[in-house]
Amino acid sequence: MESSSSSIAANSLYYWNYFNLFLLRPILAISFALFFILLGWFLAWKLVLVHVPLIQEIFGMRKKPVNPKPPLRRRFSRFYKGINATNSASD
């Protein structure tokens, strides 16, 4: 009777070792890695990515203000407006 109970205990320990090796350890390793990946993503999101304008536009976090453009905003527009003014004055 003594040998029977010890063999059952040894047999259950044998199955526990296989359960630990093939099921528990990989699950814990994957969850550990996913935890650090998600923690890194969360910190990057909160500290850096929220302030990037492209990310803000993609996720709809900030509406881009539409500023009306002034009619004479560049040198070329001033130049051609001056040419058009002299042409219309000479006509």
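Mentor: Let's take the chain as a whole, then its side chains. Keep in mind that this is a predicted model.

Trainee: How many helices and strands are there in the chain?

Mentor: The chain has 3 helices and 0 strands. Read from the N terminus, the order is α-α-α.

Trainee: What share of the residues is buried?

Mentor: Buried residues are 3% of the 91 in the chain.

Trainee: And the accessible surface, what does that come to?

Mentor: About 8600 Å² for the chain. Carbon and sulfur atoms account for 69% of that.

Trainee: Take glutamine 56. Where is its place?

Mentor: Glutamine 56 sits in helix α2, which covers residues 53-58.

Trainee: Buried or exposed?

Mentor: Glutamine 56 counts as buried, because its relative accessibility is 14% and the cut-off for buried is under 20%.

Trainee: What is glutamine 56 in contact with, leaving aside neighbours within four places in sequence?

Mentor: Val50, His51, Met61 and Arg62.

Trainee: Switching to rings. How many aromatic pairs does the count come to?

Mentor: The count is 5 aromatic pairs. One of them joins phenylalanine 32 and phenylalanine 36, with ring centres 4.8 Å apart and planes at 75°.

Trainee: Why is that pair edge-to-face?

Mentor: Because the planes of phenylalanine 32 and phenylalanine 36 stand at 75°, and over 60 degrees counts as edge-to-face.

Trainee: Where do phenylalanine 32 and phenylalanine 36 lie?

Mentor: Both are in helix α1, residues 2-47. They are 4 residues apart, about one turn of the helix.

Trainee: Is phenylalanine 32 buried or exposed?

Mentor: Phenylalanine 32 is exposed, at 54% relative accessibility. Phenylalanine 36 is partly exposed, at 43%.

Trainee: What about tryptophan 45 and phenylalanine 59, how far apart are the ring centres?

Mentor: Their centres are 5.4 Å apart. The planes are at 90°, so this pair is edge-to-face.

Trainee: Which parts does that pair tie together?

Mentor: Tryptophan 45 belongs to helix α1, and phenylalanine 59 to the loop between α2 and α3 (75-90). So the pair ties together parts that are 14 residues apart in sequence.

Trainee: And phenylalanine 59 itself, buried or exposed?

Mentor: Phenylalanine 59 counts as exposed, since its relative accessibility is 53% and exposed means over 50%.

Trainee: Back to the cluster. Which residues do ring pairs link?

Mentor: Phe32, Phe35 and Phe36 are linked into a cluster by ring pairs.

Trainee: Last one, serine 31. Where does it lie?

Mentor: Serine 31 is in helix α1. Its relative accessible area is 39%, so serine 31 is partly exposed.

Trainee: What lies 2.9 Å from a polar atom of its side chain?

Mentor: The backbone oxygen of leucine 28 lies at that 2.9 Å from the serine 31 side-chain atom.

Conventions:
Residues numbered from 1 in each chain as written. Predicted model: local features only at pLDDT ≥ 70, side-chain atom pairs only at ≥ 80, totals over all residues. Heavy atoms only, no water. Helix = DSSP H or I, 4+ residues; strand = E, 2+ residues; numbered from the N terminus. Buried < 20%, exposed > 50% of the residue type's maximum accessible area, 1.4 Å probe, protein only. Areas by Shrake-Rupley, 256 points an atom, 1.4 Å probe, with all protein chains shown as cover. Contact = heavy atoms within 4.5 Å. Phe/Tyr/Trp six-rings, centres within 6.5 Å; stacked < 30°, edge-to-face > 60°. Polar contact = N/O pair within 3.5 Å; in protein donor to acceptor, adjacent residues only side chain to side chain.
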